[in-house]
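Morning, everyone. I have one structure to go through, and I will start with a single residue before turning to the whole chain.

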Amino acid sequence: MKSLATFSAFVGKTFAIWVILFAVLGFFFPDTFKLVAPWIVALLGIIMFGMGLTISVDDFRELTRRPYEVAIGVVAHFAIMPALALLLTKIIPMPPEVAAGVILVGCCPGGTSSNVMTYLARGDVALSVACTSVTTLAAPIVTPFLVWMFASQYLPVDAWAMFVSILEVIILPLALGFLAQKLIPGLVRAAIPVLPLVSVVGIVLIVAAVVGASKGAIAQSGLLIFAVVMLHNGLGYLLGYFAAKALGLNFYKRKALAIEVGMQNSGLGAALATAYFSPLAAVPSAIFSVWHNISGALLANWFAGKEDADADAATNRVVIPH
């Protein structure tokens with residue numbers, strides 16, 4: 001078990017490499033990974049169950065301790081990323097399926113990778129975790145509504161079906177994982193060290209399946225989609241940082257919110273796009289999953305070397321994510 005936990009930790013630390021590798025494998029061996037496509041929703045459910053095993057009441061206590069800061073993060077996330085997605089689809093010509101997919105990933109909640117990147121950036125991890133948790137719980141209502149509002153001009157959007165799907169693949173697995181903590185705490189504690197391995201396997205298979213199902217479209221317009229994803233992600237970091245700065249948050253909180261705004265739960269985007277739009281619409285989410293882990297690591301490394309002389313000493317501490 002110890003060796004498995006060590007391997008799991010290694011895989012978690014090298015997550016970006018595995019995502020890139022399986023994206024390439026999905027492109028060159030599409031028939032193999034197309035077989036995974038029917039299991040995308042189930043894989044996402046397993047990943048979210050794992051998140052439920054690690055989430056705690058303390059993650060939500062930050063909401064009562066500093067509601068203003070959490071509210072800034074949540075509102076910035078659901079305002080900046082969808083607006084950027086819509087703007088990019090207006091100024092860059094792209095097929096309707098791709099446009100809908102870009103908007104969909106922009107309307108998704110925060111991803112747990114943002115918590116790890118905030119830790120590496122020496123930012124306010126407790127704030128990052130609280131924002132991720134709140135955007136995830138808000139996703140069943142907010143995500144379908146935003147997708148319906150912004151993406152209906154490109155493809156038909158069944159907001160009610162999306163609402164039900166997000167409940168099934170996000171909220172229910174989270175609740176079951178949280179319940180398992182209470183009912184079988186010993187087993188959960190034993191399983192936690194291997195959760196990074198489970199999450200990485202789930203994400204890389206989702207990415208490979210989406211890439212495999214859309215090989216032709218990626219070969220034709222992959223560079224365009226990659227450019228849009230890079231702009232979306234990079235501008236999200238930038239606007240998240242300056243929104244936090246404009247609203248008076250210190251440097252350590254700005255780091256957290258920049259990363260929190262720019263990184264998305266792209267696995268959810270891929271699952272919803274595959275289920276309700278088309279494999280091509282899932283490509284922006286798949287590429288986002290690859291790119292934001294690379295860009296997030298680079299940004300975290302840059303942030304980690306920066307200090308703010310005016311920062312409050314009380315926030316100049318790093319909380320290890322659980």
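**Notes on a predicted model**

Thr14 counts as buried because its relative accessibility is 16%; the cut-offs are under 20% relative accessible area for buried, over 50% for exposed, and partly exposed in between, with a 1.4 Å probe and protein chains only. Thr14 sits in the loop between helix H1 (2–13) and helix H2 (15–28). Helices here are DSSP runs of H or I with at least four residues, strands are runs of E with at least two, and both are numbered from the N terminus. From Thr14 to Ala219 the sequence separation is 205 residues, and the C-alpha to C-alpha distance is 27 Å.

Now the ground rules. This is a predicted model, in which local features need pLDDT of at least 70 and side-chain atom pairs count only at pLDDT 80 or more, while totals for chains, interfaces and linings use all residues. Residues are numbered from 1 along each chain as its sequence is written, and side-chain values use heavy atoms, with hydrogens and water left out.

Next, the protein as a whole. The protein has 16 helices and 0 strands. The C-alpha trace spans about 50 × 45 × 35 Å along its principal axes.

As for burial, 56% of the 322 residues count as buried. The accessible surface of the protein is about 13,900 Å², and carbon and sulfur atoms hold 72% of that. Those areas come from the Shrake-Rupley method with a 1.4 Å probe, and for residues only the protein chains shown count as cover.

Contacts, meaning heavy atoms within 4.5 Å, are next. Taking the contacts with a separation of 6 or more, 85% are between residues 24 or more positions apart.

On charge, there are 17 positive and 14 negative charges, and their mean positions lie 6 Å apart. Lys and Arg count as positive, Asp and Glu as negative, and His and the chain ends are not counted. Each charge is placed at NZ of Lys, CZ of Arg, CG of Asp or CD of Glu.

Back to single residues. Ala85 belongs to helix H6 (residues 67–91). With 0% relative accessibility, Ala85 counts as buried. Which residues does Ala85 contact, leaving aside neighbours within four places in sequence? They are Val102, Ile103, Gly106 and His232. Asn233 is 148 residues from Ala85 along the chain, yet their C-alpha atoms are separated by 9.6 Å.

Leu174 is in helix H10 (residues 159–183). Leu174 is also buried, at 7% relative accessibility. Residues up to four places away in sequence aside, Leu174 touches Met48, Met51, Gly52 and Thr136. Ser152 is 22 residues from Leu174 along the chain, and the C-alpha distance between them is 29 Å.

Ile46, in helix H4 (residues 40–54), is partly exposed, with a relative accessible area of 45%. Ile46 and Gly177 are 131 residues apart in sequence, with 9.6 Å between their C-alpha atoms.

On to backbone angles. Most residues other than glycine have a negative phi. Arg122 is not a glycine, but has a positive phi of about 60 degrees. Arg122 lies in the loop between helix H8 (113–120) and helix H9 (125–151), and its relative accessible area of 47% makes it partly exposed.

Last, the cysteines. How many disulfides are there, if a disulfide is a pair of cysteine sulfur atoms within 2.5 Å? The count comes to 0. For Cys107, which is in no disulfide, the nearest cysteine sulfur is that of Cys108, 7.4 Å away. Cys131 is in no disulfide either; its nearest cysteine sulfur, again that of Cys108, is 17 Å away. Cys107 is buried, at 0% relative accessibility, and Cys131 is buried with a relative accessible area of 0%.

How values were computed. Disulfide = S-S within 2.5 Å.
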